[in-house]
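Hello,

Here is the structure for you to look at. Please open it first and then read the notes below it.

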Amino acid sequence: MNPNDERVSFLPPEIQAEAGAGRPTAALVAEVAACLSAAREGYLARLPVAEIVETLDRSVGLWLEAGSPWLDTAGRRIAATTPYSEVMVRVGITRLLEGCRKDGLITLLEAELGDPEVLDGFRPRPGVRGLHRALGPALTTHIFSGNVPGLPAVSLVHGLLVKSANLGKPAADEPIFPALFARSIAAVDSRLAASVAILPWSGGDTAVAAAAFAASEAVIAYGSDDSIESVRSRVPPGVRFVGHGHRLSLAVIGREAMDPGSVASLAERVAHDVSLFDQQGCVSPHVVYVEGGGGVPPEVFAEELAAAMAAFERRMPRGRLTTEEGAAIRQARAEAELRELRGDRVRLLVSPAGTAWTVIYEEDAAFVPSCLNRVVRVKPLANLGDLPALLRPVSRYLQTVGAAMSPERRNRLADLLAPLGVCRVCSVGGMPHPPLHWHHDGGFNLLPLLKWTAIEE
Amino acid sequence: MAASEGIEDLRTAILEMIGKGPDQPRDDEAFNALALRMFAYQFQTNEPYGKFCERRERTPDAVRSWLEIPPVPIAAFKELTLACGPVEQAVACFMTSGTTNPEKRGRHYHFTLDVYDASARTFFKANVLPDVDRMHLLVLGSPPDLMPHSSLSHYLWVVCCGFGAGGSMYYIGKDGLEAERLMADLRAAEQAAQPACVLGASFAFVHVLELCEQRGLRFHLPAGSRVMDTGGFKGRSREVPQEALYRLIGEHLGVPADRCINMYGMTELSMQCYDSPLRRRSLGHREVRAMEAPPWARTIILDPETLAVAPEGERGIICHYDLATCSSVVGILTEDLGVATPEGFQFMGRVGGAESRGCSVSVDEMLAATEKAPA
């Protein structure tokens, strides 16, 4: 197994030869599924979860060691095929995989299962009589998105931890990472990797998708609401479905965090959250609410943020945009500038050339989703208590809130926002890096994949 | 800075340019000279526009080429009053349809319609009636008394007065499409010896063609007949790609695609662009679909990243400089995407098609989701 293998598919050895060319067929998918299931039964299903953790930790370690050829290849090839710059791809994958080391994997297992060994056999559970065992799906199909390079690793880790065979469909706009990650597992343990296949097929190829779903006991999909809905509608009854669709995130700065001495570093952290993945991640903030009455006025914070966005851009340039994306930024800027000219309390702070970054300061507190690609609004907030009313119109989309304030007020804020569907309140600067055990979109990660059996005593 | 000249001189100059006709040589020097005169006037008399230019450090003293004149995003016509005079004195105020937000409609004030009308008449004639002086016009539109703020309504009125033969009629009244009268008149036009021209908004054609389909009606308008459609669909009928629309027009009206003319106009402008096979044939040009601006206007495509003129063949934002728009601003930045071609430009849809690549939500996706959700 080597990182220089450029194929975007990763298939069982017995199939590879014949699948060399042409579009995948339903028959091929059925054959792949059969090979995966056989490999799982012969090996992965019998492997103690602790050993799976070890193997995954070592595979992830291959990516994180100094001069990793896996990371080099991914950085170079993903930057060549996606709009993202190489340095951003590398940083994104590194931060993401750091969360998939042994300690992160064990925390995830313990957080969701208590005793991870319920995956290995019947075990007592504290406070419950009898013996209990959890079984993952024989086969899980993963539909990946391409917005956050490296993200497919998390989905595959979920599948492998519950001893499921995994069939992954890479995103058309980022087909590189999934097969590369699968190969890095094979480099550590080829028998375990035999339970993983990566096969690109066209989203419109419903016969192939149907074959994959029919062979699966679970389907996990990432993408836009429309693509999630289209996958969900084709998953047969009885097959577990987990969909991660559109989400919106925001940052909130409390007045106690607006300290003249530390505002620049706070702005840097916000700029990191906005800029990483060019706001394409569900964890990327669209709006920064800044509470008034602190040591730095909200408008001055907007200036600090603009400076930090500029600095981030120098370190990690924004990706290339489509004409539509660039035009949307021009339109957002024009709209802000015109309101400024009209006398509204608006300030437009922009990159000196091009569309690299845009900070719009406006006193109108209404939540406005960004047109993405590093366009962020800063809005003053009289009181944290005003937020629920401001966020209610977009509550069905809310996900992460980055909070910079005292722990007491952060907890009160979480109390206010939890009923609106916010599933994560984290530090500013950490928004793009949720831990592996987070409540992604409000749910668990492993539990939805499991079926339980109990022996009553 | 010297005081700029008055509007009267500028009107005289642009009318003179329009008077040289649709086929005058594209004199870039003359265009540039008049554009700079207009800019100086508009900079001084259109206060919000003046501020807009000052922010960019583009003042009449600094600007040497029409390409340096700052184009105004069309959203400005909604947010600001962009007029070179007191709006109480305007003889017409054309307003955008406000499909996205009825509270916010773009306004284009006219202090005389002489220039608008001359511009409209001259280029309409060249594109729609290059071969005849008058024709029986069947207008799928409303007369201006029903829609006093519609620039399309005024435009149709101007061409109807200028070029309509006896029997020319409007078919959209206060209760909508007058289908029975239209069907009867189309049947009569079929029998007439003279060709006819059906013209109006593209979405109106869709309704008419659907009606023909439902009733199983096919008309065979006389040889030489033609169709001119304009504008998007804006949710008022189902979206139909141009090719499909022209195929349906061929089937139901008997007008072949090479006699179908597409007009591109905007409330914020005083000129229209055309994609006219008839004009191309009359000039002996090669037959490629492309929009052409009149000689008193220039359409350029801007790279959204740099706002520099995009190379031919590359998509970008459509930007117009229209010297006939003398009393607001000559340069406007549209919300349309297009591509420059050797023959002119092609319209490629509205900006706003931007989609997130994954699980974040862009404004447009959210608007779309809100629209889909039950009220």
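α4(A) and α5(A) are oblique to each other. Keep in mind that this is a predicted model. The call on orientation rests on the angle: the two axes cross at roughly 130°, and angles over 145 degrees would have counted as roughly antiparallel, while 65 to 115 would have been roughly perpendicular.

To find the pair, go to chain A. Helix α4 covers residues 69-81 of chain A and helix α5 covers residues 86-98 of chain A. Their axes come within 8 Å. The distance and the angle between the axes are what is used to describe two packed helices. The crossing of α4(A) past α5(A) is right-handed.

Which residues in α4(A) and α5(A) meet? From α4(A) they are A:Leu71, A:Ala74, A:Gly75, A:Arg76, A:Ile78 and A:Ala79. From α5(A) they are A:Glu86, A:Val89, A:Arg90, A:Ile93 and A:Thr94. Sorted by class, this contact has 6 nonpolar, 3 charged and 2 polar residues.

Now chain B. It has 15 strands and 11 helices. Its radius of gyration is 21 Å, and the globule rule gives 21 Å for 375 residues, so chain B is as compact as a globular protein of that length. Along the principal axes, its C-alpha atoms fill a box of roughly 65 × 55 × 45 Å.

Of its 375 residues, 48% count as buried. Among its contacts between residues at least 6 apart in sequence, 68% join residues at least 24 apart.

Regards

Conventions:
Residues are numbered from 1 along each chain as its sequence is written. Chains are lettered from A and ligands numbered from 1 in the order in which they are written. This is a predicted model: local features need pLDDT of at least 70, side-chain atom pairs count only at pLDDT 80 or more; totals for chains, interfaces and linings use all residues. Helices (H or I, at least four residues) and strands (E, at least two) are DSSP runs, numbered from the N terminus. The radius of gyration is taken over C-alpha atoms; the globule rule is 2.2 Å times the number of residues to the power 0.38. A residue is buried if 20 or more other C-beta atoms lie within 10 Å of its own, exposed if 12 or fewer, and partly exposed in between; C-beta atoms are placed from the backbone. Two residues are in contact if their C-beta atoms, placed from the backbone, lie within 7 Å. Axes are lines fitted to C-alpha atoms, for helices over the stretch in contact, and angles run from 0 to 180 degrees between N-to-C directions. Angles under 35 degrees count as roughly parallel, over 145 as roughly antiparallel, 65 to 115 as roughly perpendicular and the rest as oblique. A crossing is left-handed if the near helix is turned anticlockwise from the far one by less than a right angle, and right-handed if clockwise. Ala, Val, Leu, Ile, Met, Phe, Trp, Tyr, Cys and Pro count as nonpolar, Asp, Glu, Lys and Arg as charged, and the others, Gly among them, as polar.
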